[in-house]
Amino acid sequence: MSSTSVSKQSRIHPDKLLIAGLSIFILIPLLIFLVIPIVIVLLKSFQIGTDESGKLLWGLENYTTTLSESHFWTVVTNSLSVAVTVTFISVTLAFIFAYAIQRSKMPGKRYFSLLAMLPVFAPSLVQALGLIFLLGRNGIVNRWLDLEIEIYGFWGIVISDVIYAFPQAFLLLSAALAVADARPYEAARMLGANKRQIFFDVTLPSIKFGLISSVFLVFTVTITDFGNAMVIGGDYSVLATEIYNQVSGQMNFNLGSVIAIILLIPVFIAFAIERIADRKQHAIVTDNANPLVPKKSFLLDGSMFIFSTIICSLIVLVIGIVIYASFIKLWPYNMSFTLNNYNFSSQGGYQPLITSVIVSLIAAVMGVIMVIGSAYVVNKSKSYMSDLINFFSILPAAVPGMVLGLAYIFFFNDPLNPLNIIYGTVFILAINNVYHYHAQGFLTATTSLKQVSSRFDETSACLGANLMTTIKRVTLPIILPTILSIGVFFFMRSMVTLAAVIFLVSPTVNMAAVSVMLLDDAGNITQAAAYSTLIILVVLTALILMNLILKFFNVKTRSLIS
């Protein structure tokens, strides 16, 4: 063998081969389970039928038909009205609540924070169920006070979505307010600025990017929400329910795909604006900053305590009434205690709950592997392939779960597709959840890896360790808390998801959240409450167990709910 060929071979370092192999391992599933299915939905929206020979016909007829209907524009107006209203209310309330937690000295902040997160532990439709038990035609408020409050429709969707989106906005705003430099505040006071001027000139500018992110997060979550609108919307249709009606109700897949593509437009716009704002963000707190420590103020602390008590009481009331109703014999006519609601005689009994646990465990394991792998490639490699992985890893944040579920029908239900073998199994449900929530897990993993100094890798290399050894003995142990947090995140979101899996379940492979919707649709509202209670119990149990494990091994980490 010539010296030239030997020198060429020596240039291919084993560490580079490992990164290249990991990149391929991550990129191929992203293409198969995310990019290709979405492209197929786009193509399906242009499919108008077949000719006499069976050849597919393409055109804009589906779009012209949809866009020419007045009902469609009513649905679009409804969706935007709900999304804008919910965004304004949720972000405003979440900002005040986050301010109370991070910038006041009110008592009980830890308990308020935990109570505010209750909606995250339940499917989105649980908020709507709670409102029906409270304010519905047979709700306790209407019956006890002899009122005729009409909760079904616009305001029912808005209130339930506000409760659902509030904790997600709170997490972002709380993180933005948690870290602050005291020096600008001291300088403003020395210059004679009053509290109002300090708030508008110092506080708001310092968290503007967190505020922008929360606005677009809530807008995206609301405009794509399916559960609350389905349960309490009544005749008030939105885009998410319209897709479901077209696909499941009328079996009109082409028009359903058109509406799905149209739903992507406002979500993509919101996502793009949020990304642009994120790129312009710069560090507010430097390494020589003086941390801002809240000072006691009777007026601020008292008012924040009252506000937080009201907010958390409303959340507990809405979630709590669902749990309470699960033990009622016949709501609202026979309010005696019973456990019969937990004896499920329809919807497959407890099997959907067991299936949800299995799917969530698979999603947790797969999700951790894929997002940690993606984040590692993006952080340790600068190449065309890593740029693609970075883009595709964030892309799911702009793809509604219902659209991804519809895409899986078109792609994996094709008998000619070799992967058709996984259609109708727990694996396609788990994979769907992994890529539906991939962006959040990826961003969390990326943030954690960026905090690991490159000196660890350099030191390990100097000691003769290869990249695989460094990953196993250095990188993974350091980011172990993040790995566990991401695993719990995937488990929790898979347990409560509805829109992403609504098109993929079957009578033999069903999910717990879907069973809640079907029980409510069949009029078994107390059994729907019982199933919701079981989901909440499973999620809370998983969180408690993980926190106990972390404490047992003395592993310090952030809250697993964030």
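Good morning. Accessible areas, as used in this talk, come from the Shrake-Rupley method with a 1.4 Å probe. On that basis, the chain has an accessible surface of about 26,900 Å², and carbon and sulfur atoms account for 66% of that surface. Please bear in mind throughout that the model before you is predicted.

Let me turn to the overall make-up. The chain has 562 residues, and 51% of them count as buried. Its secondary structure consists of 25 helices and four strands. Among contacts with a separation of 6 or more, 78% join residues 24 or more positions apart.

The largest nonpolar core contains 170 residues. Which of them touch the most other members? They are Phe97, Phe226, Tyr408, Tyr435, Ile502 and Phe503. Helix α4, spanning residues 70-103, gives the most to this core, contributing 14 residues.

Finally, I draw your attention to helix α24, residues 512-521. Is this helix mostly covered or mostly uncovered? The helix is mostly covered, with eight of its 10 residues buried. Those buried residues run from Ala512, Ala513, Val514, Ser515, Val516 and Met517 to Leu519 and Asp520. After α24 comes glycine 523, whose phi is positive, near 90 degrees.

Thank you for your attention.

Conventions
Residues are numbered from 1 along each chain as its sequence is written. This is a predicted model: local features need pLDDT of at least 70, side-chain atom pairs count only at pLDDT 80 or more; totals for chains, interfaces and linings use all residues. Side-chain values use heavy atoms; hydrogens and water are left out. A nonpolar core is a set of buried Ala, Val, Leu, Ile, Met, Phe, Trp, Tyr and Cys residues joined through side-chain atoms within 4.5 Å. Buried means under 20% relative accessible area, exposed over 50%, partly exposed in between (1.4 Å probe, protein chains only). Helices (H or I, at least four residues) and strands (E, at least two) are DSSP runs, numbered from the N terminus. Contact means heavy atoms within 4.5 Å.
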